[in-house]
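Reader: Please take one part of this model and go through it closely. Give the cut-offs as you use them. Then place that part in its surroundings.

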Amino acid sequence: MKVTINGSPREVPDGTTVAQAVRILTTATTGVAVAVNDEVVTRGSWDTTALGDSDRVEVLTAVQGG
């Protein structure tokens, strides 16, 4: 199925979860937020929230600096 992750089209297997989509982009385990179709997905729901065809996923990571 086709989804858009951070503005880039991606082909992912049916049943791909938010957690799997996050792992495509980052190995960070903290400081990560995700929205699917403009709705924030809580970290506790990442493993159980499956993506659907044409979903838009935004994965944001916190950056520290000065």
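Author: Two strands pair if DSSP finds at least two bridges between them. Strands (E, at least two residues) and helices (H or I, at least four) are DSSP runs, numbered from the N terminus.

The model is predicted, so local features need pLDDT of at least 70, side-chain atom pairs count only at pLDDT 80 or more, and totals for chains, interfaces and linings use all residues. Residues are numbered from 1 along each chain as its sequence is written, and side-chain values use heavy atoms, with hydrogens and water left out.

The part I take is the sheet. Five strands form it, in the order β2-β1-β5-β3-β4. The sheet is open, and its pairing is mixed. β2 and β4 are the edge strands; each of them pairs on one side only. From one strand to the next, the twist averages 35° (axes are lines fitted to C-alpha atoms, for helices over the stretch in contact; angles run from 0 to 180 degrees between N-to-C directions).

β1 covers residues 2-5, and β2 covers residues 8-11. These two strands are antiparallel and share four bridges. Ile5 has Ser8 of β2 as its bridge partner. The hairpin of β1 and β2 has two residues between the strands. Asn6 in that hairpin takes a positive phi near 50°.

What do the side chains of β1 do? They alternate along the strand. Val3 and Ile5 point to one face and are buried (under 20% relative accessible area; exposed is over 50%, partly exposed in between; 1.4 Å probe, protein chains only).

Now the pairing of β1 with β5. β5 runs over residues 56-61. β1 and β5 are parallel, with two bridges between them. Here Thr4 stands opposite Arg56 of β5.

β3 spans 32-36, and β4 spans 39-41. β3 and β4 run antiparallel and are joined by three bridges. Ala35 stands opposite Val40 in β4.

Most residues other than glycine have a negative phi. Asp38 has a positive one, near 70°. Asp38 lies in the loop between β3 and β4. Its relative accessibility is 65%, so Asp38 counts as exposed. Ser54 also has a positive phi, near 75°. Ser54 sits in the loop between β4 and β5. With 55% relative accessibility, Ser54 counts as exposed.

Next, what packs on the sheet. α1 lies across β1, β2, β3, β4 and β5. The helix runs at about 125° to β3. The largest nonpolar core has 16 residues. (Such a core is a set of buried Ala, Val, Leu, Ile, Met, Phe, Trp, Tyr and Cys residues joined through side-chain atoms within 4.5 Å.) Val18, Val34, Trp46 and Leu51 touch the most other members. β1, α1 (18-25), β3 and β5 each supply at least two residues of this core. α1 gives the largest share, four residues.

Leu51 deserves a stop. Set aside neighbours within four places in sequence. Leu51 is then in contact (heavy atoms within 4.5 Å) with Met1, Val3, Thr16, Thr17, Val18, Ala21, Val36 and Val57.

Thr16 lies in the loop between β2 and α1. Thr16 is buried, with a relative accessible area of 5%. Outside four places in sequence, Thr16 is in contact with Met1, Ala21, Thr49, Ala50 and Leu51.

Thr26 lies on the other loop of the helix, between α1 and β3. Thr26 is buried too, at 18% relative accessible area. Not counting residues up to four places away, Thr26 touches Val32 and Thr61.

Finally, the whole chain. Its secondary structure comes to one helix and five strands. From the N terminus on, the elements run β-β-α-β-β-β. The C-alpha trace spans about 40 × 25 × 20 Å along its principal axes. Of the 66 residues, 32% count as buried. Take the contacts between residues at least 6 apart in sequence: 51% join residues at least 24 apart.
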